[in-house]
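I opened my notebook beside the viewer today and jotted down what I looked up.

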Amino acid sequence: KPPQNTKTKKENDPIETANILLQKLPKGWHKDYVMDRLKKLGGSVPYTYFMTNEMNVMQGILEEIRATLSAIKTSIDQPAINSPTVISVAHDLLYQRVPRHWQNLAGSISPNPTNTLTWIGDIVQRCSHLERALQGRERVPCLWISIFSSPEGLLGTIMHEAVQTFDGAANTFEVFNFQTEITNRDKDHIRESPHEGMFVYGISLYGASWERTINE
């Protein structure tokens, strides 16, 4: 009887793994679909520009993951793989690791590399959140800030919108006071966007903890 931790040949087969991951990988979005959705939303130009860039970044990640998986899948008919990138991905999948190439590609928005299925599952959740964000802020009053490749771009968008909607005669940023407030409300219970600014979640603290009872 084989040991408990012994993987079957099928479980270790990169081609089989590629087949499974291709079925789970989101299809992504066509550029025309993204632009049409943002056009229907209206809203500010900075937010439209920001979301267009973020959708393009995620689409590029999805396309590269799909390309490497498809190359591994077709290797059963064409055994010779000459691409160092595809070989690297196949090697990582063979040893049940999240491919380093994918992690480097995702950069700052790469999920925690626990295992490949969990990593892809996290990418699926991030794509789902981006898709909902295209439906308008009324549908997603609280944004998952850590899924964006440029979270500072989101904060800059909020500032830009505040300046645009200001009714006074101010023409410089110095007269504005931008601040962050921590709410005890659960993100799943937030139904409306704030009057000013935006609700965000997904910020991690390293070497520290947050005490919700005293907001410190």
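**Entry 1: the whole chain**

I note at the start that this is a predicted model. I looked up the secondary structure and found eight helices and two strands. Reading along the sequence, I wrote the order down as α-α-α-α-α-α-α-β-α-β. Next I checked burial: of the 216 residues in the chain, 32% are buried. The accessible surface came out at about 14,100 Å², and carbon and sulfur atoms account for 52% of it. I also looked at how far contacts reach along the sequence. Taking contacts between residues at least 6 apart, 62% join residues at least 24 apart.

**Entry 2: α2 and α5**

How do the axes of α2 and α5 cross? I looked at helix α2, residues 14-24, against helix α5, residues 84-94, and their axes come within 9 Å. The crossing angle is roughly 95 degrees. Angles of 65 to 115 degrees count as roughly perpendicular, so I put α2 and α5 down as roughly perpendicular to each other. On the α2 side, P14, T17 and L21 make the contact, and on the α5 side A90, L93 and L94 do. I sorted the residues of this contact by type and got five nonpolar, one polar and no charged.

**Entry 3: the largest nonpolar core**

Which residues touch the most other members of the largest nonpolar core? I found M51 and W102, in a core of 41 residues. Elements giving two or more residues to this core are α2, α3 (31-41), α4 (45-74), α5, α6 (100-106), α7 (116-133), β1 (142-144) and α8 (151-165). The most comes from α4, which gives ten residues.

**Entry 4: C142**

Is C142 buried or exposed? I found C142 in strand β1, with 9% relative accessibility. Buried means under 20%, so C142 counts as buried. Leaving out neighbours within four places in sequence, C142 is in contact with H129, K187, I190, F199, V200 and Y201.

Notes: Residues numbered from 1 in each chain as written. Predicted model: local features only at pLDDT ≥ 70, side-chain atom pairs only at ≥ 80, totals over all residues. Heavy atoms only, no water. Axes fitted to C-alpha atoms, helices over the stretch in contact; angles between N-to-C directions. Helix = DSSP H or I, 4+ residues; strand = E, 2+ residues; numbered from the N terminus. Parallel < 35°, antiparallel > 145°, perpendicular 65-115°, else oblique. Contact = heavy atoms within 4.5 Å. Nonpolar A, V, L, I, M, F, W, Y, C, P; charged D, E, K, R; others polar. Core = buried A, V, L, I, M, F, W, Y, C linked by side-chain atoms within 4.5 Å. Buried < 20%, exposed > 50% of the residue type's maximum accessible area, 1.4 Å probe, protein only. Areas by Shrake-Rupley, 256 points an atom, 1.4 Å probe, with all protein chains shown as cover.
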